[in-house]
Amino acid sequence: MNKIWFDVTSILQWNRPAVGVIRVQAECAKYALRLGSKIAFCRFEREIGYIPVDLEDVRKTIERLENRELVNGTALNGAFGRSVPLISRIATITRRALGFMPKSLSNRILHYLYHRREAAEASINGLREFRRALYAWRNPVRPAAIAVPEIRQSLETSPFSKGDVHISLGLDWDQKNNSFIAKEKKLKQFKTIFCCYDVIPVKFPHLCVGDVAAKFAHYFVDLAWCADEFVSISECSKRDLLELLEELGAPCPETTVIKLGSHIPLSNDDEVSKQTKQAAGERFILFVSTIERRKNHETLYRAYTRLLDRGVTNLPKLVFVGMPGWGVNDFLADLRFDCRVKGLVQVLTNVSDADLNWLYKNTLFTVFPSLYEGWGLAVAESLSAGKFCLASNAASIPEVGGGLIEYLDPWDVPKWAERLEWYFDNPDALADAEIRIRETYNAPTWEETAVTIFDRAEALLARDN
């Protein structure tokens, strides 16, 4: 009997809380465990090929990801401590040291260092990755049960049989050899389903780390030659993918749009950290996202400073929830040194599910000014929590919010300032919006996500039967 092989390479190698792509793979793997003998699991090793994975190892991996302990919400603003990016801490120390030098000399040194920020960041990131590699070498996270077999498989073999279906939803651009997959497909005649989350690295490479456009264009072309079908997380991502493949002269496989689950695990308010409650205060708005250039936190910061400069008082706190990413060192420094927003803009990192639930439950409303998204999970989470969102009108975001939220140009700072102030002053409008959301929004579940994917795999299986 033919099988559906679900690839769990990414979650087996992940040693942090499940987010993004990892959450998708983990939730679908959890569903696949309930489907019986028709489903098998595998992983990919570059020097070995595909290796079957035992069901119990998948269960343990999912349990590890779900139960991984998180440090409760740590406020970065005001008491940045260890959570401030290292490059920012070094910059602060350097500025203080230069303050004791003659101004003419300190200005020359600052000018010299300013033009070498990129080299400094690259050096620090390299040292950090080296340290992480040493730690991973000494503390492997994989269970012994899924270690490389004593008899190493050849890259000429894999566990797939003719007519099987292989599903891969993971971090394939970093972990897979598409040439090997194409060769194995031709040899074994199995079928494949891959996922397109977005084509942002090709479409907007300036919003990503480094020069990645060529790498990802090559990746998507290779994937298109391997794929029997794609699943895509939005109509926008599907459209972007097919346009890219057509432009590059690659095949355009059938593509199905899936909706990602948006629920946050239930929790008890007693589990919420005091730090999170103190940082948020009594009245706040919320932006949940990794802090990086593409997410456009700066528009909100500038909207707030515009309101403050106009003399607007009693503004609610602006709470950012997310880990600092790339390209935001100057922005985070602005938050720390701008006395206008001191204590008003809070950045929380390593926030637990209990803390996140509490923040969604108690926020006035949420904001999401991202420049481009493959989906926009935080908007869906906001609606699932019954909260109104003031969001960007870019890319897939209107697919998520439909007619239940308001959309703005992500670059229009004056408009953001105007609409923020309007909602601050009109709580009845927010209450009405929340009633509409509760009455009409149907939050997608992870089970629905998985059902769509495995239904496509079943359809591929049936083509040979």
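A salt bridge is taken here as a side-chain nitrogen of Lys or Arg within 4 Å of a carboxyl oxygen of Asp or Glu. With that criterion, a search of the whole structure returns 28 salt bridges. The structure is a predicted model, in which local features need pLDDT of at least 70 and side-chain atom pairs count only at pLDDT 80 or more, while totals for chains, interfaces and linings use all residues. Residues are numbered from 1 along each chain as its sequence is written, and side-chain values use heavy atoms, with hydrogens and water left out.

The overall make-up of the chain comes next. Its secondary structure amounts to 20 helices and 14 strands; helices (H or I, at least four residues) and strands (E, at least two) are DSSP runs, numbered from the N terminus. Of the 465 residues in the chain, 49% are buried, where buried means under 20% relative accessible area, exposed over 50%, and partly exposed in between (1.4 Å probe, protein chains only). The accessible surface of the chain is about 22,800 Å², and carbon and sulfur atoms contribute 52% of that surface. These areas come from the Shrake-Rupley method with a 1.4 Å probe, and for residues only the protein chains shown count as cover. Among the contacts in the chain with a separation of 6 or more, 78% are between residues 24 or more positions apart; contact here means heavy atoms within 4.5 Å.

Several of the salt bridges can be followed in the model. R43 and E45 join through their side chains at 2.5 Å, N to O, and both of these residues are buried. In K415 and E418, the closest N and O atoms of the salt bridge are 3.3 Å apart. These two residues sit three residues apart in helix α18 (residues 413-425), so about one helical turn separates them. K415 is partly exposed, at 33% relative accessibility, and E418 is also partly exposed, at 41%. Helix α19 (residues 427-440) holds another pair: R438 and E434 are four residues apart there, again about one helical turn, and their side chains meet in a salt bridge at 3.9 Å, N to O. In this pair R438 is exposed, with 55% relative accessibility, whereas E434 is buried, with 15%. Elsewhere, a network of salt bridges links E229, E254, R456 and R463.

An open sheet is built from seven strands in the order β3-β2-β1-β5-β6-β7-β8, with mixed pairing; two strands pair if DSSP finds at least two bridges between them. At its edges stand β3 (49-53) and β8 (254-257), each of which has a single partner strand, so one side of each lacks a neighbour in the sheet. On average, neighbouring strands of this sheet are turned by 30° against each other, direction ignored. Helix α2 (residues 20-32) lies across β1 (4-7) and β2 (39-45) and runs at about 145° to β1. For such values, axes are lines fitted to C-alpha atoms, for helices over the stretch in contact, and angles run from 0 to 180 degrees between N-to-C directions.

S232 belongs to β7, and its bridge partner in β8 is V257. The relative accessible area of S232 is 0%, which makes this residue buried. The S232 side chain reaches the backbone oxygen of S234 at 3.3 Å. Beyond its neighbours within four places in sequence, S232 has contacts that include C196, K238, T255 and V257.

Strand β9 (residues 284-288) gives a further view of the interior, with five of its five residues buried. Cover is found on both faces: F284, L286 and V288 are buried on one side, and I285 and F287 on the other. β9 runs parallel to strand β10 (residues 317-321), and five bridges join the two.

K185 lies in helix α8 (residues 178-188) and is buried, at 14% relative accessible area. Apart from neighbours within four places in sequence, K185 is in contact with F190, K191, T192, C226, A227 and D228.

How values were computed:
A polar contact is a pair of N or O atoms within 3.5 Å; within protein, one must be able to donate a hydrogen and the other to accept it, and residues adjacent in sequence count only if both atoms are side-chain atoms.
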